[in-house]
Amino acid sequence: MRYHSLMPVLIDELPSGIVPGPLGDVLLAVQKEIESAGRIIVEVMLDGHPLVGDELFDRQNEEVGEAVLSIMTADPRELVMDTLGEIHRMLELADTTQREAADCFQRDDQAGAMERIGEAMTIWQQTERAVRESAGIMEISLDDLVVEGQTFTTLTAELITQLGGLRDLLAAGDTIALADTLLYEWPQVTVQWQKAIEALVARINA
C-alpha cells in the first residue's frame with residue numbers, strides 16, 4: 001500500500017505548523033499567523049505554480065494535500081514604498097518613451113511610434129493601479145490626498161480620460177495632434193503624477 005504524506009505549508013520558505021486542507025482555509029490560517037507581525041501575503045505558489053487573480057479565487061476549495069504550498073509575505077509599508085519608488089522611476093521612462101513616440105510620428109515612423117506609445121500606456125496603467133492598491137494597503141483614502149488642488153481620485157479620472165484621448169487620436173490616425181499632445185501635454189501629466197506619488201510617500205512617512 002502506497003503511503004501519501006501531507007507536505008508542510010511553507011511561509012517565507014520555512015515550514016509552518018499549519019495543517020494542509022482546502023486552499024482558502026489554509027490562506028486564512030496563514031493570514032492569522034502573520035498578522036501579529038504586521039505582514040501580508042504577497043505570493044502564493046502551489047507546486048511551483050504561482051496562483052494569482054481568478055485562478056487563486058477559483059481554487060479556494062481545492063485540497064492542498066500532497067502539493068507543496070509556498071506562501072511569501074512582506075511588510076506592507078516596505079512593499080508599498082518599494083512599489084511607489086519603482087513607479088516613480090518608471091514615469092521617467094514613460095516621459096522619455098512619449099517624446100520618442102512624438103519624434104517617430106514627426107519622422108513618419110508609424111511602427112516605431114506605435115511601439116513606444118504601447119510601452120508608455122502600459123506604464124500609465126501600472127501607475128494608476130499601483131497608486132490605488134498602495135493607498136488601499138495603507139488604508140489611505142485617495143480623496144484625502146490633494147496635489148496642486150486636485151485629489152488623487154480626480155487625477156485618476158483625468159488620467160483615464162487622457163488615455164482615452166490618445167486612443168481616439170490613434171484611431172483617427174491624426175499623427176500631428178498625437179505628436180503635439182505627447183510633446184506638450186503629457187510631460188506635465190508625468191510631473192503631476194510624480195508629485196502625487198511623492199505626496200503619498202510623504203503621507204505614509206508622516
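Modeller: What follows is a walk through the helix contacts, pair by pair.

This is a predicted model, in which local features need pLDDT of at least 70 and side-chain atom pairs count only at pLDDT 80 or more, while totals for chains, interfaces and linings use all residues. Residues are numbered from 1 along each chain as its sequence is written, and side-chain values use heavy atoms, leaving out hydrogens and water.

Confidence comes before packing. Mean pLDDT (the predictor's confidence in each residue, from 0 to 100) is 90 for the protein, and 97% of residues reach 70 or more. Helices (H or I, at least four residues) and strands (E, at least two) are DSSP runs numbered from the N terminus.

Start with helix H4, residues 110-137. After H4 comes Glu139, with a positive phi near 55°.

H4 packs on helix H7 (residues 186-205): their axes come within 12 Å and cross at roughly 20°. Axes are lines fitted to C-alpha atoms, for helices over the stretch in contact, and angles run from 0 to 180 degrees between N-to-C directions. H4 and H7 are therefore roughly parallel (under 35 degrees; over 145 is roughly antiparallel, 65 to 115 roughly perpendicular, the rest oblique). The crossing is left-handed (near helix turned anticlockwise from the far one by less than a right angle; clockwise is right-handed). From H4, the contact (heavy atoms within 4.5 Å) uses Trp124, Thr127, Val131 and Ser134. H7 brings Trp186, Val189, Thr190, Trp193, Ile197 and Leu200. Seven of these residues are nonpolar, three polar and none charged (nonpolar: Ala, Val, Leu, Ile, Met, Phe, Trp, Tyr, Cys, Pro; charged: Asp, Glu, Lys, Arg; polar: the others, Gly among them).

H7 also packs on H5, at about 150° with axes 12 Å apart. That makes the pair roughly antiparallel. Their crossing is left-handed. Phe152, Leu155, Thr156, Leu159, Gln162, Leu163 and Leu166 of H5 meet Trp186, Val189, Gln192, Trp193, Ala196, Ile197 and Leu200 of H7. The count is eleven nonpolar, three polar and no charged.

Finally, H5 (residues 152-172) meets helix H6 (residues 175-184) at about 155°, axes 9 Å apart. H5 is thus roughly antiparallel to H6. Leu166, Leu169 and Leu170 of H5 touch Ala177, Leu178, Thr181 and Leu182 of H6. Six are nonpolar, one is polar and none is charged.

Note on methods
Expected span 1.5 Å × (residues − 1).
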